[in-house]
Amino acid sequence: MTEKIDRAVIQKVIKSVPMLSASANQLLQTTTDPDHDLREIVHIVKTDATLTARVLKVVNSAAFGLINEITSLDRAISYLGERLIVGIAIGDCASQLFDKELKGYEGEHGDLWRHDLRTAIASREVVAQSDLDISPDLAFTAGLLHDIGKALISDYLQGTAGEVLEKIENDEISDYLSAEEELIGFDHPRAGYELALTWKLPEAIAEVIRFHHTPAEAREEFQELVYAVHLGDNIAMMGGCGTGADSMRYKLDADYSRYITLQPNALASIMLTVNEEFVKLERSFAEAGDSNR
Ligand SMILES: [Fe+2]
Ligand SMILES: [Fe+2]
C-alpha cells in the first residue's frame, strides 16, 4: 500500500536537497536569454572557483583528446560550448538528485543522469536538424533537467513497478504518468515543476519539466521547445536508455509533427549522434572526477 503525498510533502523533500549555486542559476538565466553572448558566460564562470576548476578539468580530460592543455578559461568555454558549461554547473549542484538510485522505478544507480544526458543530446539534435527557431543549447539544458522530479517521488513509489506494468499491460492504467498520480497522488512532472519554482529556473525550462509528457498543455510560446524535449525524451527511451521500469511506458504525442519537421532519415542519424556524444560526454565527466557517473 502506497502513501498518498501532496504539495506539502514535495516541498519538504525539496527542502532536503541543496539549492542551485548562484553561478548555476545565473548561467541558466543568461543562457535562456536569446541575446546573451559568450563573454557573459565567461564572467559568471570566473566568479566561481570550483566551477572554473571543473571546466578546466573536463576540457583537459582524455575524452576530448586535446594535444595541448587548455589553461585559459575563455578558450575552455568556447571549446566546450555553453551547453556543456551549464551541464557541468547543474550536474555539480544537483548531483544528489541526478545520482539517486530510482528504487521506485527499479532503476539502477546513475540511470537518471544517463537518461537525462541522452535526452539532452537528442533534444538539441531535434532542434538542430529541424527548422525550429529556438536555441539548441536551451533544448539541451531543458532535456538535462526534464525528469528531475523522478528523484523527488521515487522513494514513495517503491515496490509498485510490477503492479504498474501489469496494469498498463491489461489496459487498466493508460501510462506511467497516470500510475504515479493514481498511486501516490503526484506525478514526476508536477514534482519537478515544484523544484523548478523553488530553484527559480527560467520559465521555459520550468514549462518543459511540467509538460514534457503532455506537450499540448504547455503554453503556446513554449510549445516548440516542449515538443522538442518530448521527442528527445522518446528518442532516448527508444535507444534503450530510460530510467527503469517506466521506459517507453508513456504516450508519444504525434502532434510534434505540427512543429518539428525532420528529414526521413533524421531519426536514425539523431540516435547515432546521441550514442556517440553520450559516450564522449559521460567519459569526460567521469574523468573530471565525478566517480558516480
Ligand atoms: Fe518524464
Ligand atoms: Fe524522460
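Arg118 lies over the face of Phe278, at 4.2 Å from the ring centre. A charge is said to sit over a ring if NZ of Lys or CZ of Arg is within 6 Å of the ring centre and within 35 degrees of the ring normal. Lys150 is placed over the face of Tyr105 in this way, at 5.5 Å from the ring centre.

The model is predicted, so local features need pLDDT of at least 70 and side-chain atom pairs count only at pLDDT 80 or more, while totals for chains, interfaces and linings use all residues. Residues are numbered from 1 along each chain as its sequence is written, chains are lettered from A and ligands numbered from 1 in the order in which they are written, and side-chain values use heavy atoms, with hydrogens and water left out.

Rings may also pair with one another. The structure holds 6 aromatic pairs; rings of Phe, Tyr and Trp (its six-membered ring) pair if their centres lie within 6.5 Å, and planes under 30 degrees apart count as stacked, over 60 as edge-to-face and the rest as tilted. One of these pairs, Phe64 with Tyr79, is edge-to-face, with 5.9 Å from centre to centre and 85 degrees between the planes. Because Phe64 lies in the loop between α4 (49–59) and α5 (73–80) and Tyr79 in helix α5, the pair ties together parts that are 15 residues apart in sequence. Phe64 is buried, with a relative accessible area of 12%, whereas Tyr79 is partly exposed, at 41%. Buried means under 20% relative accessible area, exposed over 50%, and partly exposed in between (1.4 Å probe, protein chains only).

The rings of Tyr227 and Tyr259 are stacked, because their centres are 5.0 Å apart and their planes at 25 degrees. Tyr227 lies in helix α15 and Tyr259 in the loop between α15 and α16 (266–287), so this pair joins parts that are 32 residues apart in sequence. Tyr227 is buried at 0% relative accessibility, and Tyr259 is buried at 13%. Ring pairs also link Phe98, Trp113 and Phe285 into a cluster.

Helices are DSSP runs (H or I, at least four residues), numbered from the N terminus. The largest pocket is lined by 16 residues, of which Thr32, Asp133, Ile134, Ser135 and Leu138 lie nearest its centre. A pocket is an open set of points on a 1 Å grid over the protein atoms alone, where a 1.4 Å probe fits, with protein on both sides within 12 Å along at least five of seven lines; lining residues have an atom within 4 Å of a point.

Notes:
Helix = DSSP H or I, 4+ residues; strand = E, 2+ residues; numbered from the N terminus.
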